[in-house]
Amino acid sequence: MRKIYISVIASILLFASCSDYLDVNSPSTFDKNYVFGSESEIATAVNGMYVPMVSGKGWVGVLLKKMLFNTDVEFSGLSTASNLNERAYVPSTGDIKSYGDIWTGMYDGVNRTNDVIEGIEQSPLFAAADKTKPSRLMHYYGEAKVLRAMYYLELVRNWGDVPYRRTSAGNKDELFIGATDRNTILTDMINDLIEVEPLMLYAEESDRGVEAASREFCQALIARIALQRGGWSLRPDYDNPAAVGAMERSDDWKEYYKIAEEYAGKVISEGKHSLARSFRQVWVDECNWIVPVADDNIFDVPAKVGGSGELAYSWGTYIVSSKNSEGVNASNAPHGYSSGGARLALTYMLSFDKADLRRDITCEMFRYENSGMSSIVQKPFSELNVGCGKWNRLFMESPLGSTSNKGTGINYTYMRYADVLLMYAEAANENHDGPTAGAKDALKQVRKRAFAQEDHAEKVEAYVDALGTKEDFFNAIVQERAWEFGGEKHRRYDLARWNLYGKTLYNLYFDWIELGKVARTKQYENTTTPFEDPTYNARFDSYPAVAYYKMVPADKTLFPVCVAETMDWYKEGDVNSYDEALPAYPSKNPTGYSRVDMCVQYCTQVKNASPRQWEPSARILHSFYGYINASNAGSVNPETDPVRYLVPIPPDALSSHQGLLKNYYGY
């Protein structure tokens, strides 16, 4: 079982950070002249650095719920202009408040780490320490720098250029500063981590395992920050703050891809981690608070049962609640209920190879509802999106109770070994103008876990070996990262650093409209119902227009006792109506089956039109509104028009900095 020390973190008050700096509201009790007298005091202060990331403002709280703009992977549709929010790249009032909470939380973390770093450096323990080899003291020092880099990376990825401090503030005047170029911040963070990496301990040497920063996490974080530093980012137009800006990349970007290859390569060559567990078992273990030290997990943001955690509530399998006999929201399952509000794109689910074992864990075409007094049953989704099943309360072997909801205690998997393998493969391909043997092997390792042994020859060996060019291998990495990390908050940042965000949204918008017309044609081509001119596109031949299902008793070897019925999909020969298009769609549902709309959802019927006519779904027209919509679709150029993926600086931060900070990007 995992080593739980989150209760210790949550109780730490001694080293709260400076309250005046950038709207961090917790009162400061840290005296910068305080001298650490023992390693135990330092350990207490180090634990305090984790408080912001496990709070409601961190990775298991509002940061998890927000910053999930619509992509080809994460997608929560919007149906009208009245509910526009960040998912459509148009922040609402509620979004701005959440950004303020995240900003405050991240700077709380920065301040805490600055305090601890400075406190350690002033300690006689540090002066006497051997700074040439790992030790507990030097590990604490490195841990502080790793966490500071985490906090700053999140600020840069979401705001761009931000205020930057590396020391504790001595007076109020030092707190009011302007923004520093993001490249300076990221370069400093990389250099800090390269310096402390050799002095840190591996997770296997720590009593906190992978729920705290380790040497291998430091290495992996260097690679992630280096790819961010070497990638593209949205830059402001300083002469015209109302403009969105432009995507740019620094002239020295290749140097950072070399760093990424080196440090991701260190994690691989040192052999501390593997992909030994199945993909399913990784998530079953997460939902049971089990975090092995030597497997996929490299760093988990630790959560606390009963705390502010959103995993398996807002993000995960959807279990609908209803009022119980006492008038309280509850599920018939002893596992509790969830909102399932965060979703994935339907076409993302359909992009998986049908033999890919990751698909049915990552993507769920169903939710659970109460049935009778003591059981739950599956019901279909039909909303242009699907659920994410990685965080599933029903996996819990020790359920939290029928009325439980938030605060599951499930960790956020910030860094996985699969990520390191794919970062290494990407960097090596770029650095050597094509895939090296090591890059191919790294990709193969990820795919071997994704497919059954009998599929390895075709789906792993042949698939990867056929990627002979730099472009082909890069495109394969783009796809593999989507399939591996669906729902884990990587896609938006990946698309931005690759400068593919605009092209991706543009293609989704027009492809979905075309796909909807193709699906409607398939739906009606074998009926006598007149409809508008048929639409065919070979790219969409395999996409299911609709699917059919019936309810069957749940397999008790796969589902807990409380699940009474599950959905069974209609098949014709080897074709599953849920997976792909049937050879021909019947004029009425197959006997005993109900229908669920699939790709026909991308177009809706024009009212009172005869013959039937189709128009784009409102969810297409509004879900990318801040970038592409019905009014500007003809003029958007994805090659030159960037996505405004950075968010506005919160109003309180703007006012507290007395004019030294300013919003750009049209905010």
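**Before you start**

This is a predicted model, in which local features need pLDDT of at least 70, side-chain atom pairs count only at pLDDT 80 or more, and totals for chains, interfaces and linings use all residues. Residues are numbered from 1 along each chain as its sequence is written, and side-chain values use heavy atoms, with hydrogens and water left out.

**Stop 1**

Select Lys 97 and Asp 101. Their side chains meet in a salt bridge, 3.3 Å from N to O. A salt bridge here is a side-chain nitrogen of Lys or Arg within 4 Å of a carboxyl oxygen of Asp or Glu. The structure holds 48 of them. Both residues of this pair lie in helix H5 (residues 93–121), 4 residues apart, or about one turn of the helix. Helices (H or I, at least four residues) and strands (E, at least two) are DSSP runs, numbered from the N terminus.

Now show the surface. Lys 97 is exposed, at 57% relative accessible area. Asp 101 is partly exposed, at 24%. The cut-offs are under 20% for buried, over 50% for exposed, and partly exposed in between (1.4 Å probe, protein chains only).

**Stop 1: a bridge between loops**

Select Glu 204 and Lys 272. This salt bridge spans 2.8 Å, N to O. Glu 204 sits in the loop between helix H8 (182–196) and helix H9 (215–230), and Lys 272 in the loop between helix H10 (253–270) and helix H11 (279–286), so the pair ties together parts that are 68 residues apart in sequence. Lys 272 is partly exposed, with a relative accessible area of 24%.

**Stop 2: a bridge between helices**

Go to Glu 430 and Lys 470. The closest N and O atoms of this salt bridge are 2.8 Å apart. Glu 430 belongs to helix H14 (residues 417–431) and Lys 470 to helix H17 (residues 470–485), so parts 40 residues apart in sequence are tied together. Glu 430 is partly exposed at 22%. Lys 470 is partly exposed too, at 27%.

**Stop 3: a network**

Which residues are linked in a network of salt bridges? Select Asp 296, Asp 356, Arg 358, Lys 390, Arg 416, Arg 447, Arg 449, Glu 480, Glu 484 and Glu 488.

**Stop 4: cysteines**

A disulfide is a pair of cysteine sulfur atoms within 2.5 Å. The count comes to 0 disulfides. Select Cys 287: its nearest cysteine sulfur, that of Cys 388, is 10 Å away. Cys 287 is buried, at 0% relative accessibility. Move on to Cys 388. The nearest cysteine sulfur to Cys 388 is that of Cys 363, 7.2 Å away. Cys 388 is buried, also at 0%.

**Stop 5: H8 and H9**

Axes are lines fitted to C-alpha atoms, for helices over the stretch in contact, and angles run from 0 to 180 degrees between N-to-C directions. The contact (heavy atoms within 4.5 Å) includes Leu 186 and Ile 190 of H8 and Leu 221 and Ile 225 of H9.

**Stop 6: H14 and H15**

The axes of H14 and H15 come within 8 Å and cross at roughly 150 degrees. H14 is therefore roughly antiparallel to H15. Among the residues in contact are Leu 421 and Ala 425 of H14, and Ala 442 and Arg 449 of H15. Arg 449 is also one of the residues in the salt-bridge network.

Conventions. Parallel < 35°, antiparallel > 145°, perpendicular 65-115°, else oblique.
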